[in-house]
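Please open the model in a viewer and follow the stops below in order. Each stop names a selection and then describes what is found there.

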Amino acid sequence: MRKEAVRTGAAPRPAGAYSQGVVAGGFLYTAGFGPQDPRTGRAPEGVADQTRQVLGNVRAVLAERGLSLHDVVKVTVHLQELRRDFAEFDAAYRPFFTEPYPVRTTVGSDLMNILVEIDVVAVLPD
């Protein structure tokens with residue numbers, strides 16, 4: 001199977017040996033993105049603002065291949081404080097997606113100085 005890296009300056013640069021996104025098998029897979037602003041490197045305060053920034057970062061990688069959040073079929077969300085922040089996260093997340101909604105898994109994770117991390121799988125056009 002052929003795979004191709006996706007790169008954009010409109011999303012945070014990888015902090016390690018991974019791609020921002022990879023196209024393979026008819027899908028675009030993104031890395032797990034945190035809430036860092038790609039211009040400043042800073043993360044906003046609060047889970048709602050962090051969620052919006054993370055989804056903006058994800059959207060930038062998708063846009064590099066002509067995709068949007070409408071093309072997303074799977075979302076994986078990691079929350080530092082699952083019980084405390086789920087409702088606020090979900091309220092910030094909802095406006096980014098329309099029906100049919102992508103499937104989603106949300107788990108509590110030990111994150112490094114951030115409240116939310118998200119990766120997605122998007123389907124490429126035929």
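A residue counts as buried when its relative accessible area is under 20%, as exposed when it is over 50%, and as partly exposed in between. The model on display is predicted.

**Stop 1: a salt-bridge pair**

Select R65 and E4 and display their side chains, which meet in a salt bridge with an N to O distance of 3.2 Å. R65 lies in the loop between α1 (47-64) and β4 (72-79), while E4 belongs to strand β1 (residues 3-6), so the pair ties together parts that are 61 residues apart in sequence. R65 has a relative accessible area of 33% and is therefore partly exposed. E4, at 32%, is likewise partly exposed.

**Stop 2: other salt bridges**

How many salt bridges does the structure hold? There are 7. One of them joins the side chains of D37 and R39, at 3.1 Å from N to O. Is D37 buried or exposed? With a relative accessible area of 13%, D37 is buried. R39, by contrast, is exposed, with a relative accessible area of 72%.

Next, select R52 and D49, which form a salt bridge whose closest N and O atoms are 2.6 Å apart. Both residues lie in helix α1, 3 residues apart, which is about one turn of the helix. R52 is partly exposed, its relative accessible area being 39%, and D49 is partly exposed as well, at 37%.

**Stop 3: the packing of α1 and α2**

Show α1 and α2 together. Two packed helices are described by the angle between their axes and the distance between the axes. Here α1 and α2 pack at an angle of about 40°, and their axes are 8 Å apart. This angle makes α1 oblique to α2. The crossing of α1 past α2 is right-handed.

Which residues make up the contact between the two helices? On the α1 side, select V47, A48, T51, R52 and L55; on the α2 side, select D85, E88, F89, A92 and Y93, which they meet.

Centre the view on D85, which is found in helix α2 (residues 82-93). D85 is buried, with a relative accessible area of 4%. Beyond residues up to four places away in sequence, D85 touches V47, L79 and L115.

**Stop 4: the nonpolar core**

Now display the largest nonpolar core, which has 29 residues. Those with the most contacts inside this core are L28, L62, V72, V75, F89, F97 and I118. The elements that give two or more residues to the core are α1, β4, α2 and β6 (116-123). Which element gives the most? It is α1, with 7 residues.

Select L28 and its surroundings. Leaving aside neighbours within four places in sequence, L28 is in contact with V6, V22, V23, V61, L62, R65, L67, V120, V121, A122 and L124. R65 in this list is the residue from the first stop, where its side chain meets that of E4.

**Stop 5: R104 in strand β5**

Move to R104, which lies in strand β5. R104 counts as partly exposed, at 27% relative accessibility. Draw the C-alpha to C-alpha distance from R104 to V75: the two are 4.6 Å apart in space and 29 residues apart in sequence. When residues up to four places away in sequence are not counted, R104 touches K74, V75, V77, F86, F89, D90 and Y93. V75 and F89 were also named among the core residues with the most contacts.

**Stop 6: two backbone features**

Select E99 and P100 and inspect the peptide bond between them, which is cis, with omega of about -5°. P100 is found in the loop between α2 and β5 (103-108).

Finally, select N113, in the loop between β5 and β6. What is the phi of N113? It is positive, about 65°, although N113 is not a glycine. N113 counts as exposed, at 80% relative accessibility.

Methods
Residues are numbered from 1 along each chain as its sequence is written. This is a predicted model: local features need pLDDT of at least 70, side-chain atom pairs count only at pLDDT 80 or more; totals for chains, interfaces and linings use all residues. Side-chain values use heavy atoms; hydrogens and water are left out. Helices (H or I, at least four residues) and strands (E, at least two) are DSSP runs, numbered from the N terminus. Buried means under 20% relative accessible area, exposed over 50%, partly exposed in between (1.4 Å probe, protein chains only). Contact means heavy atoms within 4.5 Å. A salt bridge is a side-chain nitrogen of Lys or Arg within 4 Å of a carboxyl oxygen of Asp or Glu. A nonpolar core is a set of buried Ala, Val, Leu, Ile, Met, Phe, Trp, Tyr and Cys residues joined through side-chain atoms within 4.5 Å. Axes are lines fitted to C-alpha atoms, for helices over the stretch in contact, and angles run from 0 to 180 degrees between N-to-C directions. Angles under 35 degrees count as roughly parallel, over 145 as roughly antiparallel, 65 to 115 as roughly perpendicular and the rest as oblique. A crossing is left-handed if the near helix is turned anticlockwise from the far one by less than a right angle, and right-handed if clockwise.
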